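Here's a quick briefing to read alongside the model.

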Amino acid sequence: MKSRAYISIGIPFYNTENYLEDAICSVLAQTYQYWELILIDDGSSDKSLEIARDFESRDTRIRVISDGLNKKLPYRLNQIVREAKYDYIARMDADDLMSNHRLEKQIQVLESNKEVDFVTTGCFTIGKNNELTGVRLGDNYQMNAKMILEGVTNLLHASLLARKSWYIRNNYDESRILAEDFDLWLQAAKNNDLNYLVVEQPLYWYRVVENVTVKKMIQGYDMQMEIINSNYKGIVSVSRKNKIIRRFRLKKLVVKYLGFFNLMSVLLKSRCDDCRDQDISDYDESYTEIKRIGLF
């Protein structure tokens with residue numbers, strides 16, 4: 001790269017005191033150090049804000065924003081775009097972690113491909129105590145509006161690194177809670193503004209145990225069905241739309257069944273592959289550095 005490209009990293013948080021420190025340390029552990037970190041509190045009632053403030057006092061690249069209100073994730077994601085100082089914006093959830101090389105590899109992709117608006121990655125899945133539970137390498141292909149309506153996706157929302165200009169053209173619908181990413185991809189595709197690449201490496205570490213719950217999945221499916229009913233015209237026929245809706249309803253039934261019999265682990269296992277020796281080695285190397293930073 002001819003000049004340093006700076007990145008605004010946004011982490012909204014709400015009552016994540018058990019995980020927020022590790023998330024921040026995984027930012028501090030990045031091999032790419034040209035960034036600002038925006039920590040946005042969404043009305044936490046635990047010690048999350050205290051943890052964020054402590055890191056802010058130790059690193060001038062970190063700033064905390066808190067208005068004491070609970071406005072939900074889509075609002076906070078739009079707020080990050082408004083607050084971002086730089087031309088690139090990276091997403092991260094407050095209970096997740098990331099590889100030390102994530103930002104370095106993603107920014108290289110965007111700097112080398114000026115026509116691409118954003119890049120996502122594959123992921124490791126991790127448990128409550130940061131233990132590896134699986135891997136998803138990701139698939140690098142371009143979705144269109146029909147594929148998105150069908151429920152096909154190769155985009156890991158939390159691993160997004162995008163040009164700010166793209167975000168300005170594509171705001172989150174703040175009413176689409178728990179399906180804001182589904183709606184974002186669909187609206188961008190409808191506007192012929194979905195131009196991206198996927199790095200087929202597990203550079204993001206997704207905590208499925210905390211995020212993939214029966215309640216969240218049911219609410220997410222309900223919102224997705226609402227979005228499909230509002231956007232199918234001009235993309236698929238009524239009969240095809242109804243078939244897609246029926247499939248989502250079946251997904252809801254499966255999730256309810258698995259939850260009732262305490263079998264959600266079966267679903268989580270089916271969504272990822274077993275880790276290879278190299279995956280484990282890469283994870284251990286990054287995690288060791290994250291924990292080292294956490295000791296200071």
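On a 1 Å grid over the protein atoms alone, a pocket is an open set of points with protein on both sides within 12 Å along at least five of seven lines, while a cavity is a set of points where a 1.4 Å probe fits but cannot get out; lining residues have an atom within 4 Å of a point. Grid points are joined across faces, edges and corners, and a volume is the space filled by probe spheres set on the points.

This is a predicted model, where local features need pLDDT of at least 70, side-chain atom pairs count only at pLDDT 80 or more, and totals for chains, interfaces and linings use all residues. Residues are numbered from 1 along each chain as its sequence is written, and side-chain values use heavy atoms, with hydrogens and water left out.

**Pocket and cavity**

- The second largest pocket holds about 200 Å³ of space. Its lining has 16 residues, and S99, K105, Q201, L203 and D282 are the closest to its centre.
- Strand 9 (196-207) and helix 12 (277-294) each give at least two residues to that lining. (Helices, H or I with at least four residues, and strands, E with at least two, are DSSP runs numbered from the N terminus.)
- By class, that pocket's lining splits into six nonpolar, four polar and six charged residues. Here Ala, Val, Leu, Ile, Met, Phe, Trp, Tyr, Cys and Pro count as nonpolar, Asp, Glu, Lys and Arg as charged, and the others, Gly among them, as polar.
- One cavity of 30 Å³ or more turns up in a search of the whole structure. The largest cavity has about 50 Å³ of space.
- G10, L77, I80, V81, I89, A90, R91, Y167 and Y172 line the largest cavity. Helix 3 (73-83) and strand 4 (88-91) are the elements that give two or more residues to this lining.

- Most residues other than glycine have a negative phi.
- L178 has a positive phi, near 75 degrees, and sits in the loop between helix 6 (164-169) and helix 7 (180-190).
- N262 isn't a glycine either, yet its phi is positive at about 55 degrees. You'll find N262 in the loop between helix 10 and helix 11, and it is exposed at 68% relative accessibility. (Buried means under 20% relative accessible area, exposed over 50%, partly exposed in between, with a 1.4 Å probe and protein chains only.)

**Salt bridges**

- A salt bridge is a side-chain nitrogen of Lys or Arg within 4 Å of a carboxyl oxygen of Asp or Glu. The structure has 22 of them.
- R76 and D67 pair up at 2.9 Å, N to O. R76 is buried at 1% relative accessibility, whereas D67 is partly exposed at 36%. D42, D67, K71 and R76 are linked in a salt-bridge network.
- R247 and E150 meet at 2.8 Å, N to O. R247 lies in helix 10 and E150 in the loop between helix 5 (145-149) and strand 8 (161-163), so this pair ties together parts that are 97 residues apart in sequence.
- D222 and K252 form a salt bridge, their closest N and O atoms being 2.6 Å apart. D222 is in helix 9 (residues 214-231) and K252 in helix 10, so the chain positions are 30 residues apart.
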